[in-house]
Structure formats: C-alpha cells, structure tokens
Amino acid sequence: LSNPRLTTGHLLIVPKRHVQIFSHLKNKEILEIFKYLAKYQDKVLEKLGKGTEIRQNFRPYKKDSSTHVNHFHFHILPREDDDEMAKKIDVHRKPFYAVLSDKEKKKITTLLK
C-alpha cells in the first residue's frame, strides 16, 4: 500500500532490485511486474472500484521526497466517477492534448527509428 496515498487502496508495484528506468529491467522482472499488475488490478476492480488508473513516471529531475522517489514503480489507483481524486484533482484538469501535425509525426518517427 502506498503511504502517503492518493486514494483508498492506492497500491505500488515495485521491483526488488533498484532500477530507475523500465528498460533497465530484466525480462524476468518485467514479466513478474506485469503479472502483479494484472493480479492486483483484478482485485481492485473486484473489491475497491469500478475502474483503475495504472501510472508510471520517470522524472529524474525531481528530488526524492515523501511523494517522489527515483526508483522504478507502478501505481495502481482504484477509481470511480465521483471519487476523492475526481473531487480534488480531476476538476482542475484542462484538456491538454494537441493535434499531431504531419510534420511533427515525421520528425518524431525519424528520431525514434
């Protein structure tokens, strides 16, 4: 369980070995992490909420604190339409997506090849 938490039932899935970046995990570790993500997402959906958010962030530019660590992990958050996060956080979110132009698509696709 995450402590501090964002919602009731907020879970963390953390590899035993310290890594910061997903690509640094071994195949066996990746399989184990995804096995636990699937297992606990199912449990959360059965017992704690109608939906879930699964998050992973890599922000090495942020210092470790009570709410941020530079150690690879996933968050599983039980979610409902009108839950605690919806009332406190989601109400402040504004549409952030931008239309992907053909020029940008070509540039990024070339960079990632």
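The model contains 1 cavity of 30 Å³ or more; a cavity is a set of points, on a 1 Å grid over the protein atoms alone, where a 1.4 Å probe fits but cannot get out, whereas a pocket is an open set with protein on both sides within 12 Å along at least five of seven lines, and lining residues have an atom within 4 Å of a point. Residues are numbered from 1 along each chain as its sequence is written, and the model is predicted, with local features requiring pLDDT of at least 70, side-chain atom pairs counting only at pLDDT 80 or more, and totals for chains, interfaces and linings using all residues.

**Exercise 1.** Determine the volume and the lining of the largest cavity.

*Solution.* Step 1: the volume is about 40 Å³, where a volume is the space filled by probe spheres set on grid points joined across faces, edges and corners. Step 2: the lining consists of Gln20, Gln56, Asn57, Phe58, Arg59, His68, Val69, Asn70, His71 and Phe72. Step 3: these residues divide into 3 nonpolar, 6 polar and 1 charged. Here Ala, Val, Leu, Ile, Met, Phe, Trp, Tyr, Cys and Pro count as nonpolar, Asp, Glu, Lys and Arg as charged, and the others, Gly among them, as polar.

**Exercise 2.** Explain why strand β3 is largely enclosed by the rest of the structure.

*Solution.* Step 1: 6 of the 6 residues of β3 (residues 74-79) are buried, so the strand is largely enclosed; buried means under 20% relative accessible area, exposed over 50%, and partly exposed in between (1.4 Å probe, protein chains only). Step 2: in a regular strand the side chains alternate between the two faces of the sheet. Step 3: Phe74, Ile76 and Pro78 are buried on one side of β3, and His75, Leu77 and Arg79 on the other.

**Exercise 3.** Describe the largest pocket and the second largest pocket.

*Solution.* Step 1: the largest pocket holds about 420 Å³ of space. Among its 20 lining residues, Ser2, Thr67, His68, His73 and His75 lie nearest its centre. Its lining has 6 nonpolar, 11 polar and 3 charged residues. Step 2: the second largest pocket holds about 230 Å³. Helix α1 gives the most to its lining, with 5 residues. This lining has 6 nonpolar, no polar and 5 charged residues.

How values were computed:
Heavy atoms only, no water. Helix = DSSP H or I, 4+ residues; strand = E, 2+ residues; numbered from the N terminus.
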